[in-house]
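Visitor: I would like a close look at one part of this model. Please keep it brisk.

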Amino acid sequence: MTTATTTRHAAGVTDAVKVYGSGDTAVRALDGVSVGFPAGRFTAIMGPSGSGKSTLMHCAAGLDTLTSGAAYIGDTELGTLDDRRLTLLRRDRIGFVFQAFNLVPTLTVAENISLPMDLAGSKGSRDWIDALVDVVGLRDRLHHRPSELSGGQQQRVAVARAFAGRPDVVFADEPTGNLDSRSGGEVLNLLGRAVRQMDRTVVMVTHDPVAAAHADEVVFLADGRLVDRMQSPTADKVLDRMKAFDGKGAPS
Ligand SMILES: Nc1ncnc2c1ncn2[C@@H]1O[C@H](COP(=O)(O)OP(=O)(O)O)[C@@H](O)[C@H]1O
Ligand SMILES: [Mg+2]
């Protein structure tokens with residue numbers, strides 16, 4: 001062991017500013033955010049509705065561009081990439097889970113999971129996919145279509161798909177937003193297991209303290225600024241922190 005260890009960040013932004021629109025109607029969604037998302041950890045981005053959580057995630061993941069500042073995946077600064085290289089980076093190094101499961105209805109569960117690798121023309125690793133299928137508990141559903149699954153099962157397929165190509169980081173935006181609390185809990189446990197048992201990196205946007213409590217660390221946004229970080233969160237601690245956001249009322 002070395003004494004001075006520096007944290008390796010799977011993704012991050014420095015001095016990130018994002019302005020939507022211009023003139024009187026301009027909205028400063030990110031107002032100078034610097035944050036790194038450590039590799040091999042599960043980080044939750046928390047904050048009231050409109051605080052910039054989705055904007056931060058989209059810019060960090062190369063789905064949107066910053067007005068100023070820099071976004072990184074590993075050591076790669078996204079702003080230096082042309083469209084083609086950015087598309088390849090998203091395909092090869094990032095996985096996504098969205099609130100709407102976004103599965104392809106005509107494909108089976110197995111085909112949906114391997115879709116990113118098939119599109120990339122990559123054989124990937126059968127063993128890896130096999131292990132994933134067990135982690136997400138879908139072995140007996142592999143030949144079903146999404147319409148034959150519950151919402152929770154569909155989101156578990158989306159989680160497996162996100163990890164299929166062994167991306168550097170998986171970004172999830174309100175992944176439990178369409179699920180009841182039991183199915184949501186299963187999906188959150190699954191994200192946690194992927195990080196802890198399979199050495200993956202997850203960055204999850206949520207407004208739900210119970211969801212945030214599944215993470216190793218919570219970063220708090222308010223009005224487009226990073227206002228706090230919390231290690232080893234519990235739902236109660238996160239809720240208390242959220243209540244302290246002045247004049248913001250309850251998170252929504
Ligand atoms: N495409 C857009 N055009 C204009 N304003 C936007 C757009 N996307 C988000 N915003 C605004 O930016 C702010 C932050 O939004 P968002 O990142 O979606 O917040 P959160 O995910 O925390 O709810 C909000 O004021 C929102 O209305
Ligand atoms: Mg959002």
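Visitor: Which residues in H3 meet which residues in H5?

Guide: First, the ground rules. This is a predicted model: local features need pLDDT of at least 70, side-chain atom pairs count only at pLDDT 80 or more, and totals for chains, interfaces and linings use all residues. Residues are numbered from 1 along each chain as its sequence is written, while chains are lettered from A and ligands numbered from 1 in the order in which they are written.

Now the helices. Helices (H or I, at least four residues) and strands (E, at least two) are DSSP runs, numbered from the N terminus. Helix H3 covers residues 109–119 and helix H5 covers residues 151–164. From H3 come Val109, Asn112, Ile113, Ser114, Leu115, Pro116 and Met117; they meet Val157, Ala160, Arg161 and Ala164 in H5. Contact here puts C-beta atoms, placed from the backbone, within 7 Å. By class, this contact has eight nonpolar, two polar and one charged residues. Ala, Val, Leu, Ile, Met, Phe, Trp, Tyr, Cys and Pro count as nonpolar, Asp, Glu, Lys and Arg as charged, and the others, Gly among them, as polar.

Next, the geometry. The two helices pack at an angle of about 30 degrees, with their axes 7 Å apart. Axes are lines fitted to C-alpha atoms, for helices over the stretch in contact, and angles run from 0 to 180 degrees between N-to-C directions. H3 and H5 are therefore roughly parallel to each other. Roughly parallel covers angles under 35 degrees; over 145 is roughly antiparallel, 65 to 115 roughly perpendicular and the rest oblique. H3 passes H5 in a right-handed crossing. In such a crossing the near helix is turned clockwise from the far one by less than a right angle; anticlockwise is left-handed.

How values were computed
Contact = placed C-beta atoms within 7 Å.
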